[in-house]
Amino acid sequence: MKTCFLAMIFAWICSQSIAGEKNTISGYLKDAATGEELIGATILIKELSNGTTTNLYGFYSLTIPAGHYTLVYSYIGFGSITREIELNSDLEINIELSSAQTALKEIVVTGEAANKNVESVEMSAVNLQMNTIKEIPALMGEVDVIKAIQLLPGVQTVGEGSSGFYVRGGGVDQNMILLDEAPVYNASHLLGFFSVFNQDAIKGLQLYKGGIPASYGGRLSSVLDIRLKEGNSKKFTGSGGIGSVSSRATVEGPLKKDKSSFIISGRRTYMDVFFKALPDTNLNKTKLFFYDLNTKINYKLNEQNRIYLSGYFGRDVMGFGSEFESSWGNATGTVRWNHVYNKKLFSNLTLLYSKFDYSLGVPEGVEAFIWESDIQNVSAKLDYNYFLNPGNSIQFGLQSTYHIFNPGKAKGVGPETIFNQITLQSLNSLEHAIYLSNEQKLWERVTALYGLRFSAFQNIGEATVDEFEANYDVADSTYYEKGEIYNTYAGLEPRLGLKYSLSESSSVKLSYNRMRQYIHLASNSTSSSPLDIWFPSSPNVKPQIADQVALGYFRNFKNNMIETSIEAYYKKIDNAVDFKDHAELLLNPHLEGELRFGKGKAYGMEFLVRKQEGKLTGWVSYTLSRTEKIIPEINQGNPYPAKYDKTHDISLVLSYRLSTRWLLGMNWIYTTGAAITVPTGRLVYANTVVPVYSDRNGARMPAYHRLDLSATLKANPNKKKRLRGDWVFSVYNAYYRKNPYSINFRQRKENPNETYAEMTYLFPILPAVTYNFKF
């Protein structure tokens with residue numbers, strides 16, 4: 001039935017094709033300096049007042065009636081190219097755009113048409129290029145894409161120094177983070193102070209908060225799609241930086257000019273080197289560092305076929321001599337094959353691998369042990385773009401993923417240990433999806449983006465599944481043999497977006513999407529931690545389902561120099577997951593018994609004003625929101641704020657070009673304190689003080705606010721010289737706000753009958769200096 005329905009839609013779309021003789025113009029748009037494909041570049045047909053944009057691989061296609069046309073190829077930060085053509089047969093036109101020789105190249109905010117925020121049917125989506133992100137003051141001078149998106153409306157920071165983020169009332173596990181299409185399960189270094197993404201290896205990113213395209217799925221709240229650079233196919237170049245806590249280096253160039261290229265980018269901290277130089281014998285055995293390595297190779301077989309291979313490898317190491325050691329890291333791999341069947345049909349076949357693992361333990365002594373855990377997946381996906389005509393751009397595809405969950409294995413190490421081995425069972429599952437979507441111009445002022453995604457999830461043996469009584473005690477269990485499919489969930493995920501153009505500079509947009517999430521995160525902390533445990537849906541754990549609707553008004557001023565938008569959203573969540581009071585999550589063989597299920601909702605408004613051109617650029621955003629859950633077994637069944645509920649969130653981000661050599665930057669953020677549960681009283685039982693707690697998340701941490709400043713000096717602005725560099729001076733937390741990292745309640749030693757709150761904060765004023773170079 002679903003197949004017939006999709007076939008009917010597809011047949012109706014095809015019937016809308018322009019009548020008469022038609023021909024197709026297709027090709028690629030690239031950066032003339034590096035050969036990098038330009039994503040989202042605009043191709044405009046003046047005579048038709050219509051056009052298209054390049055896809056994720058720089059490819060475009062237009063099918064229009066024969067005739068004389070003027071084509072304008074453009075991409076912000078680059079000079080446009082105009083071509084007049086006489087179209088009487090299919091044409092292949094590949095264009096290389098050169099960077100504009102104006103200050104605009106330094107302040108790129110998006111690689112899109114100047115008014116795409118108004119003209120595009122997409123809403124609740126933001127595209128950021130690294131040029132913009134690098135201008136934002138950063139913690140200890142480490143440019144961070146995750147910290148950058150935390151400054152956008154609808155995106156909230158988890159807490160001080162954390163790389164976790166909340167989107168429209170969703171938890172950190174409800175964000176799908178993709179690096180060259182491979183999922184990244186833990187995107188943080190040094191317990192969240194930095195993210196795993198190296199600034200020199202990244203081309204750009206796209207964040208979807210709502211109106212999520214049908215090609216994406218698996219998470220409830222957002223998709224963060226990060227793309228790596230392809231490598232310079234014109235000449236060999238290098239870049240890097242020496243900073244306060246880390247150094248990095250990148251080399252890229254052609255393996256065969258204009259046919260094949262590579263990029264290798266690495267980063268490492270060196271705090272462990274400083275520890276070794278200390279005279280204290282305890283401190284000089286301390287290990288504390290992380291490293292990243294990004295690699296990518298691409299090869300153009302011919303005009304119809306291209307192959308890409310990319311990988312990421314990163315790890316954190318922490319240890320304190322013989323007392324404690326820990327290690328965690330990510331590894332991803334992507335193999336892609338682009339194929340152009342004809343002028344209108346483009347495909348991308350992708351094979352993906354992703355793994356996150358961690359270990360911790362005590363290396364020596366009678367309590368010596370090692371605890372290991374990991375999650376892995378292997379995935380294959382096939383995506384198609386079919387450019388029917390300027391009024392219809394169709395996408396369809398399918399994906400299948402094999403998940404492996406190893407939640408934990410702890411064992412003793414060394415001859416003296418008395419630690420007993422604990423092994424939790426491994427779990428396996430399959431996740432599938434198929435989708436179809438179309439962006440269609442219905443009338444002159446109305447454009448629609450509609451699609452349907454069908455997803456399914458299957459649990460596979462070998463496994464032993466608990467059966468729980470009403471009070472969540474284990475009543476029985478069932479064993480399933482290896483390879484046996486013992487549980488299946490499936491459902492439709494409709495997507496819809498509508499845009500009504502009020503004028504060339506204003507529009508109203510509406511979106512709806514349903515998302516299903518089949519894997520979940522067990523965490524008692526407010527941010528993402530290496531000790532978090534991923535677990536799948538099962539007979540005892542239903543998939544979470546979210547329905548979100550959003551309405552927005554978009555308006556540009558001063559010839560598109562200033563963008564403004566107002567968006568309102570409402571999200572309803574079924575089968576919302578939370579944990580009972582005092583839940584035991586670590587090495588618990590009956591983890592599902594700690595879970596409680598109910599409903600959730602999130603709603604709010606987002607305001608954005610952004611200036612993209614001129615000496616002063618940046619944006620100011622404000623989010624007013626509310627997120628709450630209703631779970632019968634928690635808080636007496638009464639509604640309570642989710643731990644990521646933050647009513648107010650304000651971000652101000654500014655860059656000012658003082659001269660050709662000096663660039664000044666600042667950002668200021670304010671957010672409501674996190675919702676927490678605190679003791680509100682106490683009782684004494686058998687000479688033991690027992691705390692009495694507030695309602696679930698019934699209290700608030702103090703409000704969080706911070707000012708960061710930066711100044712960038714171009715040390716050698718002459719582009720003709722081989723080596724160029726700049727100095728970045730930054731100050732994090734410029735007015736020394738003591739933002740709480742945690743609050744603990746303790747008894748006073750001198751008077752055990754009194755309890756006091758003790759606040760821990762992390763960062764005072766933190767200055768940093770970084771030298772960046774290119775050659």
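**Rings and cores**

Author: Phenylalanine 607 is partly exposed, with a relative accessible area of 28%. Tyrosine 622 is partly exposed too, at 25%. Here buried means under 20% relative accessible area, exposed means over 50%, and partly exposed lies in between (1.4 Å probe, protein chains only).

This is a predicted model: local features need pLDDT of at least 70, side-chain atom pairs count only at pLDDT 80 or more, and totals for chains, interfaces and linings use all residues. Residues are numbered from 1 along each chain as its sequence is written, and side-chain values use heavy atoms, without hydrogens and water.

Now the pairing rule. Rings of Phe, Tyr and Trp (its six-membered ring) pair if their centres lie within 6.5 Å; planes under 30 degrees apart are stacked, over 60 edge-to-face, and the rest tilted. The count is 25 aromatic pairs. One of them joins tyrosine 60 and tyrosine 73 edge-to-face, with 5.8 Å centre to centre and 70 degrees between the planes. Tyrosine 60 lies in strand E4 (residues 59-65) and tyrosine 73 in strand E5 (residues 67-74), so the pair ties together parts 13 residues apart in sequence. Helices (H or I, at least four residues) and strands (E, at least two) are DSSP runs, numbered from the N terminus. Both tyrosine 60 and tyrosine 73 are buried.

Back to phenylalanine 607. Its ring and that of tyrosine 622 are stacked, at 6.0 Å centre to centre and 25 degrees between the planes. This pair links distant parts of the chain, 15 residues apart: phenylalanine 607 sits in strand E38 (residues 595-611) and tyrosine 622 in strand E39 (residues 616-630).

Rings also gather in a group. Tyr28, Tyr57, Phe59, Tyr308, Phe346 and Phe387 form one aromatic cluster.

Charges meet rings as well. A charge sits over a ring if NZ of Lys or CZ of Arg is within 6 Å of the ring centre and within 35 degrees of the ring normal. Arginine 268 has its charged end over the ring of phenylalanine 289, 4.2 Å from the centre. Arginine 596 lies over the face of tyrosine 472, 3.6 Å from the ring centre.

Last, the cores. A nonpolar core is a set of buried Ala, Val, Leu, Ile, Met, Phe, Trp, Tyr and Cys residues joined through side-chain atoms within 4.5 Å. The largest has 43 residues, and Val145, Phe197 and Leu224 have the most contacts inside it. H4 gives the most to this core, with four residues. Contact means heavy atoms within 4.5 Å. Leaving aside neighbours within four places in sequence, phenylalanine 197 is in contact with residues including Val145, Ile177, Ile226 and Arg267.
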